[in-house]
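Thanks for coming, everyone. Please take a look at the chain on the screen, and I'll walk you through it.

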Amino acid sequence: MSNMSNTLRNTASSIEKLADMEESQRINLTQTLADILTLELHDADVLISDYPEDALDLYVAFAETVQAYGEHAREWRQNTMTLLPFQYWKPLEAESGPYLVSENPYTSLKYLSHREFSDTKAQQQLNNRKALHTALSELLRVNVHAKYAPLLSWDADELVDVSGVARYPHLKDIVLWQLTHAVEDMFNHEYRLLEDEYRTRHGSPDTDATPSSAIRKLAKDAVERVHLHLASWTITGLFSWAPFDMGEYVVGEPLPEVADTGQRGHLILRVMCNMAANRVLLERARLDGLGAIGAEANQALLQALNRNGIFQAPHYNDYDYDEDGIRKLLDAWFGPDGIVAKDKTYPCSLRGQDLEVVLAQARHIRHQYTHTRGHYAGGQHATEYSSFLFALAVAACHFGKIKLPDEFSLGRTKPVIPARNLGERRMDLVGPEAIELLKAMYGQLFYGNSGYQLSAEGTRRYADDYRWRHAYLQDLLFNMFKRLSPSQLLYFDGVMMKLARRNEKGLGSLDREATANAHRLVRFGLALQHFYQA
């Protein structure tokens with residue numbers, strides 16, 4: 001450990017009150033707190049003054065404790081997905097409508113990457129996130145720590161998934177992420193029900209996707225329905241929450257105890273809740289960013305097809321979309337003598353191993369999609385024609401030579417479609433960010449077109465409209481997990497556990513025991529399924 005590091009730690013540890021801080025130290029603390037809580041600097045400074053003991057404890061934890069527990073942890077602010085600076089929280093459209101996290105240096109799916117691959121830097125950064133959690137947990141008094149353990153302990157349970165699906169996010173973290181996932185699940189249930197109602201009302205045939213123009217209202221109404229459920233459970237504050245008011249507590253809760261508003265430990269609890277929420281929001285923002293990259297790749301491919309007179313694929317009744325049929329169609333369009341091969345503005349060539357890689361990756365992505373985004377759609381995404389659209393998405397990435405930033409090496413990129421020098425390893429499933437990119441691209445192709453159309457305009461319009469769904473969901477998660485008080489979130493955890501136990505009471509003895517012992521995420525998911533079927 002360097003002398004400079006020792007000096008920093010001694011300086012932090014020797015400060016007994018805020019007045020002893022040097023101006024640079026106060027500025028550093030204010031900036032860090034503002035970036036974690038997504039506040040403007042003056043609001044963070046007010047909190048420091050309102051909670052001086054917590055603020056001093058946080059300064060020591062940020063400056064020294066996390067470094068003592070972590071690995072090369074001085075740069076924890078940059079690599080632990082803890083910060084969500086205020087300037088990146090922006091309205092989707094002008095000054096109105098829902099807000100969302102704009103693309104920024106902190107957005108990433110790197111912890112999902114760590115789940116998939118063995119990477120020293122990934123492990124180090126994950127360990128530093130856990131080191132920060134440990135440093136903050138140690139600041140809480142014993143009774144406060146015990147009270148909030150269901151919300152803010154580190155998730156020690158392994159989530160068993162034998163399907164081979166790289167599910168986002170499903171990695172150990174602060175337990176609160178399970179509640180964010182439950183709220184996202186509620187939003188998806190409500191959206192699906194509203195979409196079904198819309199399609200019934202408009203007599204939409206099964207072969208046609210829901211018009212992208214409906215997405216904005218469906219997402220808005222889904223959020224309002226989630227609000228109503230939360231209000232019925234006396235989880236307040238989502239309709240007219242005061243931006244930085246920590247004073248509200250849930251109706252029916254005991255009177256505020258230690259660590260509630262105004263008490264020692266409250267600001268630390270807020271920081272820990274925000275630490276959990278920020279990771280989820282930053283991952284959501286990365287998914288949104290990948291969708292934008294995919295839209296550009298899809299646009300380029302479809303424009304090339306449309307320029308060359310191809311505006312739709314052969315009808316299912318007229319063409320066999322088994323793998324050999326898909327191979328022949330891709331060759332007819334993009335092969336050496338294909339229709340698009342001579343397009344001067346879209347150079348493409350698909351032959352030999354490149355063609356087989358496209359087909360292999362399409363199979364992988366189809367499996368990933370049908371077990372995640374397409375889970376509620378039944379067999380809609382398991383048709384042979386859907387297999388062709390998956391292949392088209394992979395081909396668009398191949399032709400566009402799309403590369404994504406390396407999550408752990410600044411300035412480096414890696415191709416979405418594995419390079420030729422990898423040989424047969426090119427057939428292996430691509431990395432997590434590439435998976436999410438290709439899933440988004442398939443969704444744009446499927447939902448941006450009716451029947452067998454292949455419209456560049458329709459696909460782009462769907463991608464743009466889908467951002468409203470991203471925004472409404474992010475707005476909901478932000479307001480709930482970054483603006484409600486820790487006591488309200490703890491109360492919500494109790495509500496979810498009650499729903500889980502109520503669902504399990506109706507099961508047979510063997511199923512009841514198995515479900516009650518399952519991971520909380522599984523229990524919450526089954527409880528919500530029961531809740532929406534009741």
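How many of the residues of the chain count as buried? Of 534 residues, 54% do. Buried here means under 20% relative accessible area; exposed is over 50%, and partly exposed is in between, with a 1.4 Å probe and protein chains only.

Some ground rules. This is a predicted model: local features need pLDDT of at least 70, side-chain atom pairs count only at pLDDT 80 or more, and totals for chains, interfaces and linings use all residues. Residues are numbered from 1 along each chain as its sequence is written, and side-chain values use heavy atoms, with hydrogens and water left out.

Confidence next. pLDDT is the predictor's confidence in each residue, from 0 to 100. The chain has a mean of 86, and 87% of its residues reach 70 or more. Two stretches to flag. Over residues 1-10, pLDDT stays under 50, and the model has seven contacts there beyond four places in sequence. A contact means heavy atoms within 4.5 Å. Residues 239-259 also stay under 50, with 45 such contacts. Where pLDDT is low, the predicted coordinates should not be read in detail.

Now the layout. The chain has 20 helices and four strands. Those are DSSP runs, numbered from the N terminus: helices are H or I with at least four residues, strands are E with at least two. Take contacts between residues at least 6 apart in sequence: 74% of them join residues at least 24 apart.

On to helix H13, residues 323-334. Its twelve residues reach 16 Å from first C-alpha to last, close to the 16 Å expected. The expected span is 1.5 Å times one less than the number of residues. Which residues of H13 are buried? Gly-325, Ile-326, Leu-329, Leu-330, Trp-333 and Phe-334. They cover an arc of only 135° around the axis, so they sit on the same side of H13. That arc is taken from the directions from the helix axis to the C-beta atoms. In general, an α-helix has 3.6 residues a turn, so residues three or four places apart point the same way. The cover over the buried residues of H13 includes helices H12 (266-307), H14 (352-370) and H15 (384-400).

Zoom in on Leu-329, in H13. Its relative accessible area is 6%, so Leu-329 is buried. Leaving aside neighbours within four places in sequence, Leu-329 is in contact with Pro-314, Tyr-319, Tyr-321 and Phe-388. Tyr-319 is ten residues from Leu-329 in sequence and 9.6 Å away, C-alpha to C-alpha.

Beyond four places in sequence, Phe-492 touches Leu-179, Val-183, Leu-230, Trp-233, Ile-235, Met-480 and Phe-481.

Quickly, helix H7. H7 has 18 residues and reaches 25 Å, close to the 26 Å expected. Leu-126 lies in H7, residues 120-137. At 11% relative accessibility, Leu-126 counts as buried.

Last, cysteines. Cys-273 is buried at 2% relative accessibility, and Cys-397 is buried with a relative accessible area of 2%.
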